[in-house]
Amino acid sequence: MVMEFFWFLLVGLVAGMVASKVMRGKRLGLLKSLVLGMIGAVLGGFLFRLLGLGPTNLIGELVAACAGAVLFLWLLRKF
């Protein structure tokens with residue numbers, strides 16, 4: 001349980017950093033990147049599962065989290 005939460009935080013942090021680089025905005029701090037990545041991980045995992053592409057390994061989870069974080073950041077900037 002503790003290790004799963006640790007990996008969720010790590011994937012969220014990486015996804016948040018990747019999303020901020022992809023969207024070419026101002027640099028986000030560590031905490032904002034972490035929160036963005038965690039929201040993106042939940043959103044990306046949900047959307048990927050809806051499409052039948054549920055992530056099965058760490059790389060798949062990272063891809064889904066990055067896609068969700070980019071989508072979330074794009075939505076934040078639109079509204």
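This report walks through the fold, the helix contacts and a few individual residues of a predicted model.

## Overall fold

The protein is built from three helices and has zero strands, so its elements read α-α-α from the N terminus on. Helix α1 covers residues 2–22, helix α2 covers residues 30–50, and α3 takes in 58–78.

How does the radius of gyration relate to that of a compact globule? For 79 residues, a compact globule would come out near 12 Å, and the protein has 12 Å, which agrees. The C-alpha trace spans about 30 × 30 × 15 Å along its principal axes.

## Surface and contacts

Of the 79 residues, 27% count as buried. The protein exposes about 5,600 Å², and carbon and sulfur atoms supply 74% of that area.

Among contacts with a separation of 6 or more, 65% are accounted for by residues 24 or more positions apart.

## Where α1 meets α2

The axes of α1 and α2 come within 6 Å and cross at roughly 105 degrees. An angle of 65 to 115 degrees counts as roughly perpendicular, and that is therefore how α1 and α2 lie to each other. On the α1 side, the contact is made by Phe8, Leu9, Gly12, Leu13, Ala15, Gly16, Met17 and Ala19. From α2 come Leu30, Ser33, Leu34, Leu36, Gly37, Met38, Ala41 and Val42.

Leaving aside residues up to four places away in sequence, Ser33 touches Gly12, Leu13, Gly16, Met17 and Leu28. Gly12, Leu13, Gly16 and Met17 are also among the α1 residues that make the contact with α2.

## Where α2 meets α3

Moving on to the next pair, the axes of α2 and α3 come within 6 Å and cross at roughly 110 degrees. These two helices are therefore roughly perpendicular to each other. Helix α2 contributes Leu36, Gly37, Ile39, Gly40, Ala41, Leu43, Gly44, Gly45, Leu47 and Phe48 to the contact. Helix α3 brings Val63, Ala64, Ala65, Ala67, Gly68, Ala69, Leu71, Phe72 and Leu73.

Leu36, Gly37 and Ala41 take part in the contact with α3, and these residues of α2 are also listed in the contact with α1.

## Aromatic residues

The structure holds one aromatic pair. The rings of Phe6 and Trp7 have their centres 5.7 Å apart and their planes at 65 degrees, so the pair is edge-to-face; planes over 60 degrees apart fall in that class. Phe6 is partly exposed, with a relative accessible area of 44%. Trp7, at 37% relative accessibility, also counts as partly exposed.

Finally, what is the setting of Phe79? Phe79 lies in the segment after α3 and counts as exposed, at 83% relative accessibility. Its C-alpha atom is separated by 27 Å from that of Phe8, which is 71 residues away along the chain. Phe8 itself is one of the α1 residues in the contact with α2.

Technical notes: Residues are numbered from 1 along each chain as its sequence is written. This is a predicted model: local features need pLDDT of at least 70, side-chain atom pairs count only at pLDDT 80 or more; totals for chains, interfaces and linings use all residues. Side-chain values use heavy atoms; hydrogens and water are left out. Helices (H or I, at least four residues) and strands (E, at least two) are DSSP runs, numbered from the N terminus. The radius of gyration is taken over C-alpha atoms; the globule rule is 2.2 Å times the number of residues to the power 0.38. Buried means under 20% relative accessible area, exposed over 50%, partly exposed in between (1.4 Å probe, protein chains only). Contact means heavy atoms within 4.5 Å. Accessible areas come from the Shrake-Rupley method with a 1.4 Å probe; for residues, only the protein chains shown count as cover. Rings of Phe, Tyr and Trp (its six-membered ring) pair if their centres lie within 6.5 Å; planes under 30 degrees apart count as stacked, over 60 as edge-to-face and the rest as tilted. Axes are lines fitted to C-alpha atoms, for helices over the stretch in contact, and angles run from 0 to 180 degrees between N-to-C directions. Angles under 35 degrees count as roughly parallel, over 145 as roughly antiparallel, 65 to 115 as roughly perpendicular and the rest as oblique.
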